[in-house]
Amino acid sequence: MAQDNTDQANYWNDRAGNTWAELQDRLDTLLKPLSDAGLRAANAQHGERVLDVGCGCGDTSIALAARGAIVHGVDISGPMIERARARSSEVEFILADAANFAAAQPYDLIFSRFGVMFFSDPTDAFANLHNLLNAGGRLVFVCWQPPTENPWMSVTGRAVAPFLPVTQPPPDPRDPGPFAFADADYVRTILIDSGFNNIQLDSFTATLQVGTNAEDALKLQTRVGPAARVMAELEDSARTEALDAARGALAAHQSASGVQLGAAIWIVSATAA
Ligand SMILES: C[S@@+](CC[C@H](N)C(=O)[O-])C[C@H]1O[C@@H](n2cnc3c(N)ncnc32)[C@H](O)[C@@H]1O
């Protein structure tokens with residue numbers, strides 16, 4: 001039976017997808033150090049058939065095509081695929097759920113930049129990706145380490161948390177979302193169970209410039225990422241105070257070259273056979 005990712009489809013076809021499309025340039029600049037590390041590990045070759053999963057607005061698909069690969073980008077978000085198509089006609093951008101996606105020919109490489117942590121049934125979805133690879137095919141993706149290792153995303157969320165209306169039970173950290181693959185052992189288990197071999201997780205860290213100053217950083221964080229989701233839940237009365245707290249937390253990381261905060265990812269690689 002086809003996997004149901006309706007919740008994520010709704011999320012990425014509504015405000016989140018439109019915001020990512022609107023902020024595409026800024027987000028690609030922000031994520032570049034992490035992107036470059038993932039692309040280096042993928043080492044795409046001229047003529048290889050590559051699938052970019054959860055390709056969003058297409059930045060990494062375009063980079064893979066620039067290396068001479070034949071690239072398909074698949075994503076569940078209409079607004080983001082539309083943005084990607086407007087950026088390049090060299091890549092074939094496909095609006096589809098990667099968990100249920102079928103291809104006419106197998107791929108040599110499946111790549112993803114932060115696009116594989118949103119499946120309702122990750123093992124089933126990765127089994128589908130495994131089936132899309134040829135016998136010698138490889139999988140390379142980047143995903144986030146835990147929030148504690150990613151102050152660039154968690155500092156704002158922590159600052160606004162005390163202003164949230166009611167204490168809700170903490171969500172399961174493995175629920176679909178940016179940090180679903182933070183636990184390396186969990187990722188390894190998913191990949192083993194979906195048929196992959198030669199599984200490797202390498203830690204990569206970088207310092208990101210999240211804004212020119214605290215106000216600029218806050219503007220971005222109120223629109224995308226986990227802090228934006230938290231802030232959407234704030235009641236109007238608490239909003240000003242919460243934003244002040246977030247601005248203060250970000251200002252503490254101001255340097256001569258803007259607000260600088262740490263990020264940590266896993267570079268995950270595996271082979272189909
Ligand atoms: C954090 S964004 C990353 C986008 C892009 N890879 C980038 O780095 O800019 C996650 C992406 O995964 C996509 N996505 C989520 N679930 C998906 C699914 N089941 N199939 C295909 N894409 C999915 C979202 O629409 C979104 O574009």
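Trainee: Which residues of α7 are buried?

Mentor: A residue is buried if 20 or more other C-beta atoms lie within 10 Å of its own, exposed if 12 or fewer, and partly exposed in between, with C-beta atoms placed from the backbone. In this predicted model, the buried residues of α7 are Pro 151, Trp 152, Met 153, Ser 154, Val 155, Thr 156, Gly 157, Ala 159 and Val 160. Helices (H or I, at least four residues) and strands (E, at least two) are DSSP runs, numbered from the N terminus.

Trainee: What do the buried residues of α7 pack against?

Mentor: Two residues are in contact if their C-beta atoms, placed from the backbone, lie within 7 Å. The buried residues of α7 pack against strands β6 (197-211) and β8 (258-271), and against helices α9 (214-221), α10 and α11 (236-251).

Trainee: What ground rules apply to the numbering and to the model?

Mentor: Residues are numbered from 1 along each chain as its sequence is written. Because the model is predicted, local features need pLDDT of at least 70 and side-chain atom pairs count only at pLDDT 80 or more, while totals for chains, interfaces and linings use all residues.

Trainee: Where in the chain is confidence lowest, and where highest?

Mentor: pLDDT is the predictor's confidence in each residue, from 0 to 100. Where pLDDT is low, the predicted coordinates should not be read in detail. The chain averages 95, and 99% of the residues score at least 70. The lowest confidence is in helix α10 (residues 226-232), with a mean of 77, and the highest is in β1, at 99.

Trainee: How many residues of α4 are buried?

Mentor: Helix α4 (residues 59-66) is mostly covered, with 6 of its 8 residues buried. These are Asp 59, Thr 60, Ser 61, Ala 63, Leu 64 and Ala 65. Their cover includes helices α3 (24-42) and α5 (78-87), together with strands β1 (49-53), β2 and β4 (107-113). Just after α4, Gly 68 takes a positive phi of about 90°.

Trainee: Which residues other than glycine have a positive phi?

Mentor: Asn 43 is one of them, with a phi of about 45°. Asn 43 lies in the loop between α3 and β1, and counts as exposed because it has 12 C-beta neighbours inside 10 Å. Asn 198 is another, with phi near 50°. Asn 198 lies in strand β6 and is exposed, with 12 other C-beta atoms within 10 Å.

Trainee: Which residues touch the most other members of the largest nonpolar core?

Mentor: A nonpolar core is a set of buried Ala, Val, Leu, Ile, Met, Phe, Trp, Tyr and Cys residues joined through C-beta atoms within 7 Å. The largest core here has 83 residues, and Val 50, Ile 110 and Cys 143 touch the most other members. Not counting residues up to four places away in sequence, Ile 110 touches Leu 51, Val 53, Leu 129, Leu 132, Leu 133 and Leu 139.

Trainee: Is Tyr 107 buried or exposed?

Mentor: Tyr 107 is buried, with 24 other C-beta atoms within 10 Å. Tyr 107 sits in strand β4. Leaving aside neighbours within four places in sequence, Tyr 107 is in contact with residues including Arg 49, Val 50, Leu 132 and Gly 137. By comparison, Ala 103, in the loop between β3 (92-95) and β4, counts as partly exposed because it has 15 C-beta neighbours inside 10 Å.

Trainee: Which residues are closest to the ligand?

Mentor: A residue is near a molecule if its C-beta atom, placed from the backbone, lies within 6 Å of it. The ligand is surrounded by 21 residues, the closest being Trp 12, Gly 54, Gly 56, Ser 77 and Phe 118. The elements that give two or more residues to this shell are α1 (6-13) and β2 (70-75).

Trainee: How should I read the chain as a whole?

Mentor: The chain has 11 helices and 8 strands. Buried residues make up 44% of its 273 residues. Of the contacts with a separation of 6 or more, 77% join residues 24 or more positions apart.
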